Amino acid sequence: MLQIPCPFCGPRDHAEFTYGGDAGVTRPEMDSDDLGAWVDYVFIRDNPRGPHREFWHHVHGCREWLVVERDTASHAILGAHRARDRRAREGRRE
Amino acid sequence: MTGFRLPTGGRIDRSRPIDFRFDGRTYSGFAGDTLASALMANGVRLVGRSFKYHRPRGIVGWGVEEPNALVTIGEGAAAVPNLQATMVDLVPGLVARSQNRWPSLGFDLMAATGLFARFLGAGFYYKTFMGPTRGAWMAYEPHIRRAAGLGKASRDPDPAEYEIVHEHTDVLVVGAGPAGMAAALAAADAGSDTLLVEQMAEPGGQLLASCAGSAEDTWRRAALDQAAAPNLRLLTRTTAIGLYDGNVVGLLERVGGTGALVRERLRIVRPGRVVLATGAIERPMLFADNDRPGVMLAGAVRHFVNHAAVAPGRRVLVATDNDSAYPLAFDLAAAGVEVVLADRRERPPDALVERAAAAGIDLRRAATPRAVSGRRGVRGIEIRGPDGTVHVACDTVACAGGWTPVVHLASHRGAKPVFDAALDAFVPGPPEDGIACIGAMMGVYDTAEAIAQGERAGLAAAGRAARRARSRLPAVSALAGGDVASPSGLPVLPAGADAATVFLDQQNDVTAKDVIQAQAEGYRSPEHTKRYTTLGMATDQGKTSNINALKVIAEARGETFGVMATTTFRPPYTPLTLGALAGRNVGRNKLPERLTPMHDWHLAKGARMIETGLWMRPWFYRWAGAEVGAAYVGEMMQVRERCGIADISTLGKIDVVGPDAAEFLNRVYVNGWKGLAVGRARYGLMLREDGIVFDDGTTSRLAEDRYFMTTTTANAGPVLNHLEFYLEAVWPELAVHVTSVSDQWAAMAVAGPRSRAVLRAAFADLDVSNAALPHMGVLEGAADGMPLRILRLSFSGERAYEVYTPAGFGLAIWERLIAAGAPFDLKPYGIEAMGGLRIEKGHVAGPELDGRTTLRDLGLERMGSTKKPYLGDVMARRPHLTDTRRPRLVGLDPIDPAKRPRGGAILFFEDEMIAGHGRGHVTSVTYSPTLGRHVALGLIEGGAEAHGRIAVASYPVKEEFALVRVVDPVFLDKEGKRLAD
């Protein structure tokens with residue numbers, strides 16, 4: 001029963017969100033032909049114990065895609081940012 | 001003699017007698033009784049048969065720890081099995097039945113031979129049905145299941161209602177014993193919204209074990225008087241079943257009672273702070289035949305005596321290894337019951353010895369119970385003492401084997417319990433943030449100390465600093481404490497007792513012998529022993545057995561108790577019904593039902609509706625036939641030869657708007673979009689990142705920066721999520737906005753040779769000529785002020801138009817088309833015919849876009865642009881996805897028109913063995929009225945190269961085998977003349 005602090009809607013139950021996968025991976029450039037890079041992006045994931053940045057979609061709320069930092073061991077939510085905010089994607093906290 | 005009602009005392013209401021039935025006989029109890037206390041008051045002591053061995057069993061405990069007295073309450077569809085008699089309130093009209101006995105409780109054939117004991121020992125399933133004898137399981141399973149079992153659930157729908165409530169509170173206190181009551185009062189007094197929950201019918205916990213008028217009872221009453229504060233809520237009959245992430249607590253409230261609208265209510269509470277005061281459960285003592293009816297927990301007996309005014313027997317042997325059983329002995333003696341007190345210790349405290357002597361109690365020191373005599377109930381017990389072994393006649397044995405803190409909730413989030421040698425018990429480890437553990441669950445057995453600790457915890461939970469105790473509550477220093485820990489050094493399993501009849505887990509019939517044998521066989525981890533012997537895996541989750549089992553294991557291995565960790569505690573703490581978990585999400589309320597604006601029209605015109613996802617859609621209409629088989633064929637003919645109209649409002653619709661919209665579409669679709677002119681539509685396909693086809697649909701360009709996208713019905717939500725993800729997370733630099741407008745637009749397809757005539761008649765102001773509105777053309781306009789967006793698109797292969805109008809006008813436009821179409825014989829058609837029409841044309845849909853197929857597999861590789869990168873393009877070039885042996889889309893033409901292939905059938909080439917996964921499968925089948933036979937689509941190795949070959953469509957489940965010729969997937973009008981005309 002996680003609660004995610006949506007930057008637009010405030011703290012909301014995780015049932016309003018859908019999980020969107022690891023936000024730590026970087027998508028290759030659109031014109032990249034490097035199959036290995038694409039395979040890494042699509043399939044290869046770390047499985048860390050501890051803080052993990054991941055996409056969540058506030059699908060039953062404001063419909064924003066967020067980058068949420070969640071501790072995979074304790075399930076503590078450490079923060080949530082708009083996905084379009086590159087600082088969040090690059091792992092820097094505000 | 002067995003149990004009887006004491007003439008005075010107790011908290012029952014003797015002015016309100018209640019009749020109830022148990023196994024067909026009528027008995028009488030009082031308001032305030034549980035089923036267990038009422039049965040005991042009527043002298044009923046045999047209440048059930050055990051799970052595996054069908055041994056006679058009686059009541060052991062007072063509350064949720066009860067392992068034996070499981071009953072079925074109610075009759076017929078309303079019957080609820082496996083309820084603990086100790087947790088069932090006595091209400092008028094209560095009907096209870098014992099379980100797992102045949103033919104009757106008193107004479108059980110399964111037990112008569114004692115045969116099962118020899119077979120059903122530890123690891124029975126694993127040993128008996130592995131290797132060559134594994135197949136025997138199939139033969140024996142029904143018999144074993146019948147022999148070993150609990151109560152049976154009704155097969156009829158449960159007539160009871162359940163509900164789920166979500167709520168918030170500042171402070172949640174679990175357990176209304178002395179510690180919990182003190183905590184809740186303090187938190188509420190400090191201004192916090194406080195919720196106090198208690199699983200029993202009455203708040204008080206261990207205080208209820210003391211008689212009315214005692215210091216404990218006085219304190220309890222005073223505390224309850226003060227609990228009437230507006231910011232303090234007390235819920236009784238409410239068990240906290242689990243503690244989850246974010247400290248969310250699940251509460252199961254047994255609303256119950258006959259005639260109650262809701263039987264159980266699941267409350268999902270998100271408290272600011274949690275105070276756990278979950279108490280402790282007494283441990284049974286281990287000796288031979290310790291499961292005989294009449295062997296009980298001492299603390300439970302004290303509740304029966306003082307709360308329900310029931311004595312379990314006339315002559316009670318109280319066996320203890322600590323101080324906590326002495327108050328029971330005194331209370332029994334005061335009630336006129338003959339008491340023998342057997343203390344395993346050589347030197348009990350002098351004060352207690354003196355009081356026992358004064359009460360005329362026969363106290364035996366250093367006395368260890370070894371074996372019970374009596375088959376269907378206790379008749380005596382063998383006691384080994386310093387002077388040898390003696391037999392003591394008694395009808396009840398009350399055991400006090402020490403206390404086990406209830407650490408379940410404190411462990412649910414993963415904190416491991418830690419061993420406390422002084423307490424001889426496991427207590428919660430360091431609690432998670434926002435949780436405090438107090439009272440007996442922390443080994444604080446002294447009532448005064450628990451109350452003081454509760455007050456401190458309540459204030460802390462309310463965010464207040466500790467302060468003096470509440471002066472308005474009576475002084476509590478007079479309350480009893482004492483040493484309740486079992487002394488180390490005494491083995492839990494008495495020497496010389498037959499371990500095969502020493503029951504650890506009475507509900508699952510696991511004996512000390514089973515657990516010792518598991519050690520000999522190498523199951524060294526307690527988790528493995530648990531699974532191998534099923535110890536602690538019954539519905540009581542080993543509340544009375546786990547610690548004794550760990551002690552037996554430690555003794556068998558010569559280790560110190562406490563070194564080995566406990567097994568894992570998981571929710572729910574007590575069983576709950578599936579009904580409570582489902583709440584009102586049952587039947588038609590399980591999922592929302594989506595209806596199109598024309599829904600009522602369809603029903604009025606005799607449509608048979610069908611669920612597609614959440615949508616209700618017309619399957620077929622009765623004008624074409626009473627059964628789907630005839631009707632859809634008639635509707636297909638109607639479209640091919642005249643014209644039909646179908647409700648396609650369920651299609652996903654998305655507005656794609658912004659200066660970069662064309663660039664965005666170029667990236668998410670495989671084909672190019674920059675060349676699409678305003679006023680034109682284009683078919684588009686999307687891939688997933690892994691290169692597999694995701695969805696298809698058409699997108700129309702309404703203006704330079706404005707597109708109208710449609711998706712399949714099934715993928716309306718997923719496509720929008722997908723587009724939003726790329727715009728937000730991947731390409732935030734693109735100035736595009738996407739908005740779902742699926743519910744804003746009604747849509748209808750008008751298809752067939754006469755479709756243009758129908759449109760012309762319906763919308764006289766619009767120019768729908770081939771020149772003005774050619775195939776893939778878009779026309780925006782209005783009819784009597786009702787906006788229209790008409791796309792000339794064809795799914796059926798006929799000349800066809802998709803007419804969109806704002807949802808509120810949907811029915812009006814539909815009826816306008818129906819009226820205008822009457823001279824042209826326009827008729828509605830459903831989704832079965834829609835599917836048949838597209839199969840005849842080789843158009844792919846859900847069965848082909850099954851999440852495993854690529855563009856190439858579907859014969860659509862030419863749609864993929866070579867001039868621009870698109871989502872999934874590189875991944876689609878992975879070697880496995882471009883393997884020429886992958887099954888690819890073909891048409892399948894039956895050789896024998898009488899034998900039609902079935903959707904899902906496996907395809908083999910005709911000269912091959914019919915074995916294994918085959919060369920592909922049949923995806924879609926329809927009868928083609930135009931061709932006069934069934935036709936199918938499928939995926940087969942080689943695709944177009946296999947055209948002309950004969951294949952077998954094999955459906956082994958129904959033993960159907962149909963020969964088909966592999967052909968081009970387009971069965972009709974290969975040149976596409978009809979739709980362009």
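A: Leaving aside neighbours within four places in sequence, A800(B) is in contact with A749(B), V750(B), A751(B), S755(B), L793(B), S794(B) and L979(B); a contact here means C-beta atoms, placed from the backbone, that lie within 7 Å. This is a predicted model, in which local features need pLDDT of at least 70, side-chain atom pairs count only at pLDDT 80 or more, and totals for chains, interfaces and linings use all residues. Residues are numbered from 1 along each chain as its sequence is written, while chains are lettered from A and ligands numbered from 1 in the order in which they are written.

A800(B) sits in strand β42 (residues 800-806) of chain B. Strands (E, at least two residues) and helices (H or I, at least four) are DSSP runs numbered from the N terminus. A800(B) counts as buried because it has 25 C-beta neighbours inside 10 Å; the cut-off for buried is 20 or more other C-beta atoms within 10 Å, with 12 or fewer for exposed and partly exposed in between, C-beta atoms being placed from the backbone. From A800(B) to F725(B) it is 75 residues in sequence and 34 Å in space, C-alpha to C-alpha.

One of the contacts of A800(B) is S755(B), and helix α21 of chain B covers residues 755-762. The axes of α21(B) and helix α22 (residues 810-821) of chain B come within 8 Å and cross at roughly 115 degrees. Axes are lines fitted to C-alpha atoms, for helices over the stretch in contact, and angles run from 0 to 180 degrees between N-to-C directions. The two helices, α21(B) and α22(B), are therefore roughly perpendicular to each other, a label for angles of 65 to 115 degrees, with under 35 counting as roughly parallel, over 145 as roughly antiparallel and the rest as oblique. In this pair, V758(B), A761(B) and A762(B) of α21(B) meet R816(B), L817(B), A820(B) and G821(B) of α22(B). By class, that contact has five nonpolar, one polar and one charged residues; Ala, Val, Leu, Ile, Met, Phe, Trp, Tyr, Cys and Pro count as nonpolar, Asp, Glu, Lys and Arg as charged, and the others, Gly among them, as polar.

Elsewhere in the chain, an open sheet of five strands has the order β35-β36-β37-β34-β38 (chain B), with antiparallel pairing; strands pair if DSSP finds at least two bridges between them. At its edges are β35 (681-687) and β38 (737-740) of chain B, each pairing on one side only. From one strand to the next the twist averages 30 degrees. Within this sheet, β36 (residues 693-703) and β37 (residues 706-711) of chain B share four bridges, and A703(B) has R706(B) as its bridge partner. Helix α19 (residues 661-668) of chain B lies across β34 (652-657), β35, β36 and β37 of chain B, at about 130 degrees to β34(B).

Now for the whole chain: there are 25 helices and 49 strands in chain B, and 51% of its 981 residues count as buried. The C-alpha trace spans about 115 × 65 × 55 Å along its principal axes. Finally, 18 residues of chain B are in contact with 20 residues of chain A. Helix α20 (residues 716-730) of chain B gives the largest share of the chain B side, six residues. That side divides into nine nonpolar, two polar and seven charged residues.

Conventions:
Two residues are in contact if their C-beta atoms, placed from the backbone, lie within 7 Å.
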